[in-house]
Amino acid sequence: MKKYLSYLLVASTIFIVSCDEDLTETFAPGQLTEEVAIVTSTDMQRLLNSGYNLLTDRTAPVFTSVFTDEATKGFNNGGQGVSAEIVFNIFPSSAAPTAIWQSNYFALARINRVIDRSNSIVAASPADQEFINRLRAEALILRAYAHLNILAYFSPDTKDNAALAGILADRVIGADEAPLRTTNQAFYTLIHSDLDTALSILATNTAPAPAVFQANRNFAKGLKARAYAYKGDYPNAEIWADDVIATSGVSLATPAQYRQVFWTDNEPANVEVIFDLKRTAQQNAQGTNLHNGWCSIRPSVGGSPFYEVGRSLFNILDATPSDVRRGVIVAPSSIISADYQNEADYLGSDRLVLHKHGGVATGSATAATSATNAFNNDHKIMRISEMYLIKAECRAAANDFAGAATAIDAIRDARFGSDQAAPVYGNVTAAWKGVLDERRLELAFEGHRFIDIKRLGVLAGITGLDRDPMDYNGLNIPGGDPVNLPLNSYKWALPIPQSEINANGAIQQNAGY
Amino acid sequence: MRSKFKWIFTLLVAFTMQFSFAQEKTVTGVVSDELGPIAGANVVVEGTTRGTTTDFDGNYTIKAKQGEVLVITYTGKKAAKISVTAASTYNVSLKDDVVEGKDVVIQGYRTVTKQSAVTSVAKVDSKTIENRPNANVMNTLQGQLAGVNITASTGQPGAKSSVIIRGIGSFSANGDPLYVIDGFPSNSDNFRSINPNDIESVQVLKDAAAVSEYGSRGTNGVIVIKTKTGTFGESKTTFRYSSQYGLTELQTPKYNFISARGLLALEKEYGTGLGVSLSDADIAAYDVDTDWVDYFFRTGQSSSHNLSVENNGKNINSFTSVSYFDQEGTLKTTGLKRFTVRNNLNGKSNNGKFTYYMNIGVGFSKNNEDPSIGTTGVNRNYILGAYLGAPYLDPNRYQGSTWTFDEYNNTPGLLATPYMLMDKLFQYRNLVEETRLNVATQAAYKITNDLTARIRTSAENLTTFRNQVEYPNSFNALLFSNTPGVASFDGGAFNGFEDINNRREFIFNNLYQLDYTKQFGNHKIGLNGSAEYNFQTFQADNQRQRGLNPQTFVPNTGAGYIADLGTNDWYVAQASAGRSRVDYISYFGSFDYDYKEKYGLVASVRSDRTSYFAADNQSERFWSLGGRWNIDKESFMDGASFVDVLKLRGSIGTVGNARIVDGTVYAPIVPVRYLDIYQPTNNTYNGGLGYGINFGFPSLKWEYTKQWNAGIDFELFKGRLRGTYDYYNRETLDMYLGQPVTNTSGTGSLNVNSDASLRNFGHEIQLAYDLIKNDANEMKLTIRANAAHNTNEVSGIVTNNGRIQHGTVNVSDNGGMYYEYYTIPYVGVNEANGELLFLDINGNVTETVTAADQRKTGKSFQPKWQGGFGLDFDYKGFFAATTFTFVTDVWRFDTDYESLMDPTNLGQFTVASELATAWTPTNTTTDVPSLSAANLGSDDLSDRFLRDASYVRLRNLQIGYKVPKRFLEKTFITDLSFNLQGENLVNFTKWKGYDPESPRLEDLYQYPTPRIYTFGLDIKF
C-alpha cells in the first residue's frame, strides 16, 4: 500500500513542480508592452502612423453632407439616413457624433503618447534627434487639428470663448479619469500654442520636411488661419491665410489638376493640396474607404449610391457647366430628369450620382471601386482654395466687399480655367452669402458645410438649409424640410456621445439633448 | 485474502450444520457492479428481518427458503431482487442507477445517491434524448431541466444554442456553462459532431456544492454528460438499430405580406418603384405573385441511422456505436451531415481492484451554413431576400450572373435583391468539415478497501476545415470586381475568391485523485484529494485566393488560381495564421460526512491557477459547504408511510470564472487584457507600420460567484409523486465589465473587474406525478412539469450615476435589470395629421421626442419564468409523450416586422399589407401612421416594435407503438417499436414572427428554428 502511495506522490510532485510557474505563463506571441514597443524614433513614427490612420474616419464628411444640403436620399437607399441625418434625428447614441468624437480622441491618445515619448526617447544620432523633433512637431499639429474638429462639431458657438468645446486632451489621459469639457478659449489656446511650437520646431528642423500627407508647416499655418476664422478673429486669420497663399508655393489647381486631385490623387506636387490623409490601395475596404460613404460599390450609377447629390446643389452646379466642379461632383453616368419636379417617381427617375471621390470623366468605370487592392482616395483635409475663402471672409468682415470678391474670383478663375468676372457684393450680407455659397461648391462633400452654416449662416442672412422640396416632399420625407433645422436649433452642436456619458456621467451635455 | 476466504468457509460449514434444522438453506453469492465486487451491500430476505451485508470481496451468505426473495441494495445502485430456487449460489450484478436516470446524482467529481446528495442537480437520461431529431443534444434538453434556459439561436442544424443556468451572471465574461463529457472538461462551442444517441445522461449542476469542484470554470453551471457503457456480468451481446426519416419545415409567421398587386398599387400611391409606371388596369392584370419565402426555404429531409452493440462480460464490457445523420436545413443550401463512431470500453482485473475505462468517440461532420444570416447584406443574406423580396418579381426571369448584374443596374438596384440571392444559391459555397476525436480514460486502483487512487487522462482533438467560395463571374464577384460587371471571358478581371481555413484544437486534461472512505459505526467519512491540469491550444491557418479562372476552377483543388501580376495587385493571395494556448492547474479536496444516512455534510476547497492573468493574480481559492437532512429516515416519520423520500438540503460557496470576455477560451489573451499591449499593425499609414494599442487593466483577476441554495427533495405515495424545489441566490463579484471609460483615454471601454455586480435569485420546481399507474392494465400516465423564476438585479455601477446605457434603447441601472429596455412609449397615430404620437417624459402626448423622453420599461429579453411540462402515456405497448416549453416576460424588438412596416422600403422591397391602411386625410382612424409621417424616425427610441415574445410551445410530441414481446418470441428480435414525432408543432404566442425563440434583443433576418416531423423505428436483438 505504501509503495503505491509514494509513487503517486512522486508523480504528482513532478507534475506540480515542473508545470506550475512555467505553464501558467500567459502565451501572447507578438504582443508588446509600451516599454519595449516605443524605444526608437522608428517606433514613434509607427505610433504616430496609428494616429494618422485613426483620423481617416469618413464619418465627418458623410454626416455633414447628409445632415445639411449637400446630399439626399439615393435611389439605392436601403434605409441609410432616412430616419436619422436626413430628418435631423440625432441623439447621444447616434452613430455620427460617436464616431466623430471617438476618432479624434482615439487618435489624440496615440498622438499624446508620441509627444510624451518624444521627450524621453534617446536619439541614436543628432540626425535622429532632428527626426524625433520633426515627429513631435507633426504630433503637435495633429493635436491641434483634432481639437479644432472637436470644437467645431461639439461647441454650440465656435466664436464664443466661454462656450464649451470638448475635453482638453493636452496630455495622456488615464482610463480611470473623468475629465470634463473645457471652454473654447482653452481649446484655442492649446491649438495655437501647439501650432506655434510645431512651427518653431519645423523652422529649424534639418530632417526631411514632412510631405503633403504628413502634418507639415503649411498645414500648421493653414490650421491657424482656420482656427482664427472659426473663432471669428479675422485679423489674425488673414495674417495666416495670406502667409500660406504667399509662402506655401501651393497653387490653385487647373481644371485638369482639380480632377486629378479628387479622382486619381496624381496631381503634380504643390498643386492645390496642403494636407491630405493618405490611403493606400491595400487599405481599400468598403467599410472604411471614403467613396463608399455614399455608395455601396463605386461612384457611378451602377455603383449602388444610397446617397445622391442634392437637387438644389446640382441646380447651382448645372447652371455653370464650364465650372470644373460640376463635373467633379456629379458623375457622367447620372440620369438627369429634365422635369424632375413633375416626375411621378422622382427617386427612380432623377439619379444624381456623387463622384467627387474617385470618379471618372466619362463612362462609369470609376477609379474607385470597392474591390480589394483597388484605388483608394486620400482624404483632402486642407486645400489652398480654403485659404482664399478664409481671405474672402476676412475681407467681408472688414467690410471690404471688393477684396472679398477678389479672393473668390481667384478660385473661380482656376475652377473655370479662364478669367471670370469678379462677383459684386452690394452689402456685407451679400458678401458673407457669396463666401458661404462659394464654400458650398468648393468644399462640397469634404466635411465643411455643417460648420460653415453654423458659423456663417446668420451673417449670410440665410434662414437655414437650401434643400430642394423634391428632396423631402418628393421623396416622402417631409421631416427633411429645412424648417425643421432653423439656424438657432440646438442641433448645430452635436450631442456629447453616450459612449462618453457612460463613463463620465458628469460631463456637460449640450442643451437640447 | 486467504484468511477471509477461510472465514467464509467456516461460516458455510456452520450453516450446513443447521441445514437439517428447517427448510431454510444457505444461499451464497457475490454482489458486484461494473467496477468489481461491492463491499457493504445489504442483502435482505424480503418480508423478514433476516439480513446481512457483503464482505470486502462482495461475498454474502444468508439463510433463505426456496420461494423467498432476496433484496440486494447498495447506495447508488438499483436494488436487485432474486427469487430463491433450488440453486444455492446467486451472483448479483447491481446496475448503476444512472442508467435509470432517477436516483444517482453527481456531486463534484463523484457520483452519489440522490438520498445522500447535498446538491441541486437537474437530470435527464437517454430515454428523453434518444431518437429526438435534433442534431445538437442541447436543443433536445430545452424545457426538461428546471432553471436551465436553453434557447436556439438559429435554425441551422447542429448550431450552438444559448444555455443560461440560473440567469445571466456577468456583463462581459463568457456565459457558457462548463461541459464535462465522461469526466473530461471539454469544448463548449461545438456539439454538432456528437451523436445524441450515444448519451446515457445529462446532468446540470447548479449550486455551489455541486459545481465547486469545477470551481475554476463553474460560475455558469456545469453540464455533465455521460455516454453509454456496457455492464459487468453474464456474457451477453445486445444489438440495437434505430432509424429515422423526417421532414423539416419553416414555422408559420403571423405577418401579413402584401400581394404583388397590392404592392404595386401602394408604390403608385407613394410615388416610387415599378407601380408608378403602371396603369391601374396594368396592376389589376399583373399576374406574377411570388412568395420569396417559399422560394428560399424548402421542406428539408432528414434521415438517421444508429447501430449499437453492447457487449457484457465478467471483466470487460463495451459499448460500440456507429451512426449517420443527415438533416437538410429549411433554408436552401444549408444542412448537416454527420458520421460518428464510439467505442466505450470498461475493464477490471479479476480481483476487482484495478478498473479502467477508455471511451473513444470520433465524429465527422459536414456543415453547410450561411455566414451572412442576420446581416443586412442584400446580396448575401438569403433570409433578407425571402422576407423582403418584392412579390411582383418573377424568379423565372433569372438568367445567370451577368443578367443579374444588368438587372441590378437597370432597376432601382436593391429591387433586384431576390435575384442577387438566387444567384448566390448557385454561385456560392460554404462548407465546414469538422473531425472531433475524444478520448476519455480512467484507471483506478483500490489500494485498500478504503483507499482508491485514480488517474484520468483525456484529450480532444478538433480539426476544422472550411472552404468558402465566391465563384468567378458570380453576381457578387462581378459586383466587387476591379472591372465591375465585366467577366473575365469578356476581357475583365478574373473575379471571385476562395478561402481555405484549417484549424486544429487540442484539449488535454489530467487528473490525479486519492479517495478515502471509512465507516465507524454510524459515522461514515470520505476524504478526497485531487490535482488537475488542463491545457487547451489551437493553431489555425487561413488562405484566400483572389482571382479564379472560371474555365478551370474547381473548389478546394487549387485549380484555376490566377497568379499575381506586376501591373496590378488584384490577385495577391492572402495568408494568415494563429495560435494560442491556455493552461489551468488546480488542486482540490473535499470532505464528506454521513451519520446514519440521516445527516450529511460535504465541504470542499479548491485552488486554481490560470494563464489568463499576470503572475500575481493567477491564483484564486474557492470553497463550498453543503448539508442535508433526510427527514424520512427519522423515527418520527415512521407514521407517515406515504412519504418515501423527504430531504432538506442546502449549500453555500464560491466558484470562479476567468473568461474575461465572451468568445472562445482564447479570447481573453488575444490580446492580453492585463497590460497595455502595443501590437505592430501592417500598412497603417502611407504603407508604413503602425502600433495598435489594446488597453489593459493591470489588476485583472478572477471573477467569482458567491451563491447559496436551499432545496427539498421528495417522493410520496410509493414514488408516484416526485419532485424537488430549490431557492437560489447567486451574486457575481469582481465582475468582468466592459467598463465604459472616457473616450479621451484612447478607448471606449476597458475590461475590468468592476465594482458592479449581478445578482440572480429565484425558485425552481420540478414535479412528476404518475396519475395512472395500473400494472394490470398495462396503463401508465405520468405528468411532469418544471418551472423556474429568476430575478436579475444589477448593482454597484459607479460610472454615469450608476447606469450603463447599451446602444440606444437598453440600460443597466443599479437596482434594475440587466439590459432593461429604455424607450419612449408609442401611443398611436395623430388623427389630425398621421404623425406618430408618443408620451414624453412628463406624460404628455407629443409628436416630438428626444432621448430625454426615454424611460425604463421593466422589460427585458431574459425570461422571468421559464420551464416545461408534459405527459407520458403508456397503454399496452402504445405510448405517447408530449413536452411543452414556455418562457414568460421576454420582450424583444420585432425588427423583421419593423422592416415590413417601413414605407421607405417601397419601390425596392415588399411590405406588410397593413401599410395599405396607413393614415391618409380620408382615412384618419388607423393605427398605421401616414406613410410620409415626418417623425417616423422617432420610432428608433420608442417601444413601437417592442413585442412580447413569451410563448408556450408544443416542443415535442411523440406517439409510438412497442410491439408486445409475445409477437416477437419466435424471431431474433427482442424489442421493436415505431414512433412518429414532431418538434415545434404549435406556438401560443403574441409574437408575430417566424420563431418566438431567440437569445437576442432583436431579430433581423435570422434563421428560424424549424418544425420537424419524423418517423422512426427502433429494434433490439
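**Briefing: chain contact, cores and helix packing**

In this predicted model, 89 residues of chain A are in contact with 89 residues of chain B, two residues being in contact if their C-beta atoms, placed from the backbone, lie within 7 Å. Because the model is predicted, local features need pLDDT of at least 70 and side-chain atom pairs count only at pLDDT 80 or more, whereas totals for chains, interfaces and linings use all residues. Residues are numbered from 1 along each chain as its sequence is written, and chains are lettered from A and ligands numbered from 1 in the order in which they are written.

**The side of chain A that touches chain B**

- Elements giving two or more residues to this side include α1 (2-23), α3 (41-54), α5 (95-118) and α18 (498-503) of chain A, where helices (H or I, at least four residues) and strands (E, at least two) are DSSP runs numbered from the N terminus.
- The most is given by α1(A), with 10 residues.
- By class, this side of chain A has 44 nonpolar, 35 polar and 10 charged residues; Ala, Val, Leu, Ile, Met, Phe, Trp, Tyr, Cys and Pro count as nonpolar, Asp, Glu, Lys and Arg as charged, and the others, Gly among them, as polar.

**Nonpolar cores**

- The largest nonpolar core has 316 residues, and A:I141 and A:A404 are those with the most contacts inside it; such a core is a set of buried Ala, Val, Leu, Ile, Met, Phe, Trp, Tyr and Cys residues joined through C-beta atoms within 7 Å.
- Helix α6 (residues 126-154) of chain A supplies the largest share of this core, 17 residues.
- Another core, of 16 residues, lies apart from it and has B:V31, B:I38, B:A41 and B:L94 among its members.
- Beyond its neighbours within four places in sequence, A:I141 is in contact with A:L195, A:A198, A:A215, A:F219, A:A220 and A:L223.

**Helix pairs in chain A**

- Helices α7 (residues 184-204) and α8 (residues 217-231) of chain A pack at an angle of about 160°, with their axes 10 Å apart; axes are lines fitted to C-alpha atoms, for helices over the stretch in contact, and angles run from 0 to 180 degrees between N-to-C directions.
- α7(A) and α8(A) are therefore roughly antiparallel to each other, given that angles under 35 degrees count as roughly parallel, over 145 as roughly antiparallel, 65 to 115 as roughly perpendicular and the rest as oblique.
- Where α7(A) meets α8(A), the residues involved include A:L195 and A:A198 on the α7(A) side and A:A220 and A:L223 on the α8(A) side, and the contact divides into 9 nonpolar, 1 polar and 3 charged residues.
- The axes of α15 (residues 401-416) and α16 (residues 428-442) of chain A come within 10 Å and cross at roughly 15°, so α15(A) and α16(A) are roughly parallel to each other.
- A:F401, A:A404, A:I408 and A:I411 in α15(A) meet A:A431, A:G434, A:V435, A:E438 and A:E442 in α16(A), a contact of 6 nonpolar, 1 polar and 2 charged residues.

**Buried residues in both chains**

- Helix α11 (residues 311-319) of chain A has A:R311, A:S312, A:L313, A:F314 and A:L317 as its buried residues, a residue being buried if 20 or more other C-beta atoms lie within 10 Å of its own, exposed if 12 or fewer, and partly exposed in between.
- The buried residues of α11(A) pack against β2 (71-73), β6 (307-309), α12 (324-329) and α16 of chain A.
- B:D995, in the loop between β51 (975-989) and β52 (1010-1020) of chain B, is buried, with 25 other C-beta atoms within 10 Å.
- Leaving aside neighbours within four places in sequence, B:D995 is in contact with B:Q251, B:P1008 and B:T1009.
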